[in-house]
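Here is a note on the structure, written as numbered points. Please keep the model open while reading.

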Amino acid sequence: MASAPEEQLLRQLIMDRLAERTVHNGGFVTRAELSAFEVAGVTRRLIDTSKGIWNPRDLMATLSIVSSPEGPYQDREVEGGLFHYDYRAGSLAGDNTKLRRAAELGLPLILLRKIAAGTYVPVFPVYVVDDDQAARQFVIALDESVRFMPKPAEWTEDQRRYAERIVRQRLHQPEFRGRVIRAYATRCTVCSLRHGELLDAAHIVADAEDGGLPIVTNGLSLCKIHHGAYDAQLLGISPDYRVHIDRDLLVEVDGPMLRHGLQDMHGKTLELPGRRSDWPDRDRLAARFERFGQTA
Ligand SMILES: [Zn+2]
């Protein structure tokens, strides 16, 4: 077995590769990918075959934990900016021992949020910061900065708000992205570009507004250029799923990006998700399109 600093390095390597794979896919990884993951020429397993806690034999501490959020609305695992992970049923020992070991050694681990069957949004590095034996839960910091904050009981109002913002950034926004881009099979709904690195999950109704929920039907998988154009009201999407390009932009003369990337998209029908229940909500599209109509 390696020493703690060596293991720290190996975990870093695993997480660097996992970051690349996740970005490439558009914000998620599959169970098949996690079950045979290549790191520095070695094929490793990054998820247990059946349990939520994965303790590889050659590592000192837990490498990953799985959590299955019930939906984007409620998240019973998150409270006051911290993530609470239930002990594995049974004794205090067993699989939990190596999770406790991660806390003692300060080793980073991977939180795998299951967004659909065999599909996960990995969140990392996360740290076990407390072992609440009374509640039979581990307390997980979702960010290095939260790890070094005082005990939650001593947090100021500002620190609590900060921790809640970290939860949004590290958990809920990536999950929205993963769900939306997966629904669209890692494709831009306007131009069908298939590069996860170049795709965003755009909100139809902004999250600060009424109805701006982080759900797939309030999302669109858009490439960077079409997301930018949508937000700048240079591209509109009507409730009948048609693409509209701003009138002034349509008559402008410029290079191939304007011509093929934007003007040629005018009148096109969106490439919609395979599952009808994932299609963008018409009422939300209509509300958003009204604003485009005012400027076009
Ligand atoms: Zn596009």
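1. Among contacts in the protein chain between residues at least 6 apart in sequence, 62% join residues at least 24 apart. Contact here means heavy atoms within 4.5 Å. This is a predicted model, in which local features need pLDDT of at least 70 and side-chain atom pairs count only at pLDDT 80 or more, while totals for chains, interfaces and linings use all residues. Residues are numbered from 1 along each chain as its sequence is written, and side-chain values use heavy atoms, with hydrogens and water left out.

2. Overall dimensions and content come next. Along the principal axes, the C-alpha atoms of the protein chain fill a box of roughly 65 × 45 × 30 Å. The secondary structure comes to nine helices and 14 strands; helices (H or I, at least four residues) and strands (E, at least two) are DSSP runs, numbered from the N terminus. The protein chain has 296 residues, and 47% of them count as buried. Buried means under 20% relative accessible area, exposed means over 50%, and partly exposed lies in between (1.4 Å probe, protein chains only).

3. How is the protein chain divided into domains? The assignment gives domain 1 (4-155) and domain 2 (184-295), with bounds that come from an automatic or database domain assignment. The centres of the two domains, taken over C-alpha atoms, are separated by 34 Å. Seven residues from domain 1 and six residues from domain 2 take part in the contact. About 490 Å² is buried between domain 1 and domain 2, and carbon and sulfur atoms give 60% of that area. Buried area is the accessible area (1.4 Å probe) that two parts lose on being put together, summed over both.

4. Which residues coordinate the zinc ion? They are Cys-188 (SG), Cys-191 (SG), Cys-223 (SG) and His-226 (ND1), at 2.1 to 2.3 Å. Donors are N, O and S atoms within 2.8 Å of the metal (3.2 Å for Na, K and Ca); water is not among the atoms, so sites may look incomplete. The arrangement is tetrahedral because the four donor atoms subtend angles of 94 to 118° around the zinc ion. Four donors count as tetrahedral if all angles lie between 85 and 135 degrees. Along the chain, the donors follow the spacing C-x2-C-x31-C-x2-H.

5. Cys-188 lies in the loop between helix 5 (157-183) and strand 11 (199-203), and Cys-223 lies in strand 12 (residues 219-223), so the pair ties together parts that are 35 residues apart in sequence. Cys-188 is buried, with a relative accessible area of 0%. Cys-223 also counts as buried, at 3% relative accessibility.

6. The loop between helix 5 and strand 11 also holds Ala-185 and Arg-187. Most residues other than glycine have a negative phi, and most peptide bonds are trans. Phi of Ala-185, however, is near 50°, a positive value. With a relative accessible area of 47%, Ala-185 is partly exposed. Not counting residues up to four places away in sequence, Arg-187 touches several residues, including Ser-221, Glu-271 and Leu-272. The C-alpha atoms of Arg-187 and Leu-59 are separated by 37 Å, and these residues are 128 residues apart along the chain.

7. Two further backbone features deserve a check. Gln-233 is not a glycine but has a positive phi of about 60°; its place is in the loop between helix 6 (224-231) and strand 13 (235-237). Gln-233 is buried, with a relative accessible area of 18%. The peptide bond from Phe-124 to Pro-125 is cis, with omega near -10°, and Pro-125 is in strand 9 (residues 119-132).

8. Is Arg-44 buried or exposed? Arg-44 counts as buried, because its relative accessibility is 13%. Arg-44 lies in strand 3 (residues 42-44). Its side chain makes a polar contact with the side chain of Asp-58 (2.6 Å). A polar contact is a pair of N or O atoms within 3.5 Å; within protein, one must be able to donate a hydrogen and the other to accept it, and residues adjacent in sequence count only if both atoms are side-chain atoms. Not counting residues up to four places away in sequence, Arg-44 touches Leu-10, Ile-14 and Phe-37, among others.

9. Arg-275 is found in the loop between helix 8 (256-262) and helix 9 (282-295). At 52% relative accessibility, Arg-275 counts as exposed. Arg-275 and Ala-183 are 7.6 Å apart in space, C-alpha to C-alpha, and 92 residues apart in sequence.

Methods:
Tetrahedral: all angles 85-135°; square planar, octahedral: opposite > 155°, others 65-115°.
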